[in-house]
Amino acid sequence: MEIRSTTDEDLEVFVDTAYAAFARFPETPVEGGGGLWWSALEMDRGVLAVTAQGRPVGTAAAYSFELTLPGEVLVPAAGVTAVGVLPSHRRRGVLTSMMRHQLAELRARGEFLSVLLASEATIYGRFGYGPATSTARLTVARHQGALAVPRARAAAGAPAGGPDGGPDGGPDGGPDGGSDGGPDGGSDGGSVELLRRSACGEVLEEVYDRYRRTQPGALGRPHRWWALGAGQPPVSPAPRFVAVHRDADGVPDGYASYSVDEARTLTVDETIATDDAVFTALARFVLGHDLVSQVVFKHVPPGHPLRWQLTDFRAGTVSNDTDWLWVRLLDVPRALTARGWFTDGELVLDVRDPFLGEHGRHLLSVRDGKADCVPTDREPDLSLDVRDLGSVYLGGTAPSTLVRAGHVRAHRPGAAALADALFGAERPPHCLHWF
C-alpha cells in the first residue's frame, strides 16, 4: 500500500474514489466546476492511498482556512475533508496510514491546527481530534412565532413594532407577499430587503467575512469558494431567497438565506448577523413570512437568545443538537499562545498524544490576555489527551465537564475551576461553514 500526495492530474480519480467510498455516484459536472463540493479542492494538499496494483482505495484532503480564536485572533487552519476508504479495503489500516501521512504533511507546512467535520463521532478521536463547537436546529410554528418586546425595552416605553408585539406580515418589517421586493422598515433602525441569491453574492461574501472575524470558531470562506459556488447554500448557486439587513446608513450587516418547500416549511440555511439586534430583525422577518406553516433555523449557536425571545417559549423546538467543528492541535505551545485569554493564572498541563506517540508537560502562564507556554517538570494540575485539549481550546467545552466525564484528571482542588476560567471565551464558539 502506498500513501502519496496528490497533484492536479489526480483530480478525476480522487473525486471518483471519494464518491465510491461514500457509496454515492458523481454529480453531473457543471461547466467550470461551479456548484460542486470538489471544485474548491486544493490538489497539492490531497492524499491518495493506492494498492500495489495501482488501484486507488482511499482519499483525504485539506483546505486552507482561517480560524477565529477567542480574542478575535485569526490563524491559519487546515480543514480536513473528503476522508474515505473503499468498503473493500476498510479495517486494514488504510485510514490510519492516511491520517498519519496527512498530519506529517501539515506539520511540514508549519501548521499548528487542523479542523474537520466528522461524518461519525467515533472515528476521529483516536487521531487526536476533539469536538469543539456545537450547533442546533430550532423549529418554530409560524402561528406561534411572535417575538415579544424585551421586558427591559418595554419598561422604558419602547414600541412593540406590531399590534401583538410580533411579526404580523404587514409593512413593519415582515414580508407582505407583494411583488416589489423592496426594503421594509426594521424595528432596530435598519431595514430588511428581500433579494435572490443570484443578485447578492458580493453582499453575502462581505457580510460573512465581517461576521467570522469576531466569532470564535468561525472559519473564513476564501473568495474562490464564493466564485466557484463550492459548498452548501448560500455559498452554492442553488436558488434561494436572501433577506439582507442594512443598518441605518444602508450598509449590509446581516442576512438570512432561506427556501420554502411544498410542505410550506421555510428553512433558513444560515443567519449571519454582526450583533444580536440584527439577528432579531432577520428572525422577525422570516417568522413573519406568509403562507408557511413553520420556520426552521438550521444553525442556531449554543445559548442563543432567540428561543427566549418568543412570546410562547414552547413554540420553539430544539433538535439536531450536535457536534460540528472538531479541532486538533499539532503544536501545543504555538496553539495555546496564539489565542486570546480573559483571566490571569497558571496551569501545568500534562498532555499526551497517543496517535503521534508524544507526551509533553507545559506551564501555561496567562497575563493581560497573553499566554506563555513552556516545558516544565513541575507537578501537573491537569492531565489530558490532546483531543480533550482540542475540545476545550475554543472555549466551547468546560474542562471541568471533561473532568467529571473521566476524560481529564485534575491533580489538585481548584485546578478544574481555574481551567474553566482560563479557557473561557468572550462568547460560545460557533461554526456553520460546511466543508
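## Close-up views of a predicted model

**View 1. Surroundings of Val327.** Val327 touches Leu113, Ser114, Val115, Gly128, Tyr129, Gly130, Ala132, Gly390, Tyr393 and Leu394, where residues up to four places away in sequence are not counted and contact means heavy atoms within 4.5 Å. The structure is a predicted model, in which local features need pLDDT of at least 70 and side-chain atom pairs count only at pLDDT 80 or more, whereas totals for chains, interfaces and linings use all residues. Residues are numbered from 1 along each chain as its sequence is written, and side-chain values use heavy atoms, with hydrogens and water left out. Val327 lies in strand β15, helices (H or I, at least four residues) and strands (E, at least two) being DSSP runs numbered from the N terminus. Val327 is buried, with a relative accessible area of 0%; buried means under 20% relative accessible area, computed with a 1.4 Å probe on protein chains only.

View 2. Seven strands form an open sheet with mixed pairing, in the order β1-β2-β3-β4-β5-β15-β6; two strands pair if DSSP finds at least two bridges between them. The edge strands are β1 (2–5) and β6 (130–131), each of which pairs on one side only. Strands β2 (residues 47–50) and β3 (residues 56–69) run antiparallel and are joined by four bridges, and Val50 has Pro56 in β3 as its bridge partner. Helix α2 (residues 94–108) packs on the sheet, where it touches β1, β2, β3, β4, β5 (113–117) and β15 (325–329), and its direction makes about 155° with that of β4. Helix α1 (residues 11–21) lies across β2, β3 and β4 (73–85) and runs at about 95° to β3. For these angles, axes are lines fitted to C-alpha atoms, for helices over the stretch in contact, and the angles run from 0 to 180 degrees between N-to-C directions.

**View 3. The largest pocket.** The largest pocket has a volume of about 760 Å³, a volume being the space filled by probe spheres set on grid points that are joined across faces, edges and corners. Its lining comprises 27 residues, of which Leu117, Ala118, Ser119, Trp434 and Phe435 lie nearest its centre. Here a pocket is an open set of points, on a 1 Å grid over the protein atoms alone, where a 1.4 Å probe fits, with protein on both sides within 12 Å along at least five of seven lines, and lining residues have an atom within 4 Å of a point. Strand β4 gives the largest share of this lining, four residues.

**View 4. The second largest pocket.** The second largest pocket, with a volume of about 480 Å³, is lined by 18 residues, of which Val85, Arg90, Leu95, Glu120 and Ile123 lie nearest its centre. The elements that contribute two or more residues to this lining are β4 and α2.

**View 5. The five-stranded sheet.** A sheet of five strands, open and with mixed pairing, has the order β18-β17-β16-β19-β20. Strands β18 (370–375) and β20 (409–410) stand at its edges with a single partner strand each, so one side of each is left without a neighbour in the sheet. Nine bridges join β16 (residues 345–353) to the antiparallel β17 (residues 358–367), and Val348 stands opposite Leu363 in β17.

Methods:
Buried means under 20% relative accessible area, exposed over 50%, partly exposed in between (1.4 Å probe, protein chains only).
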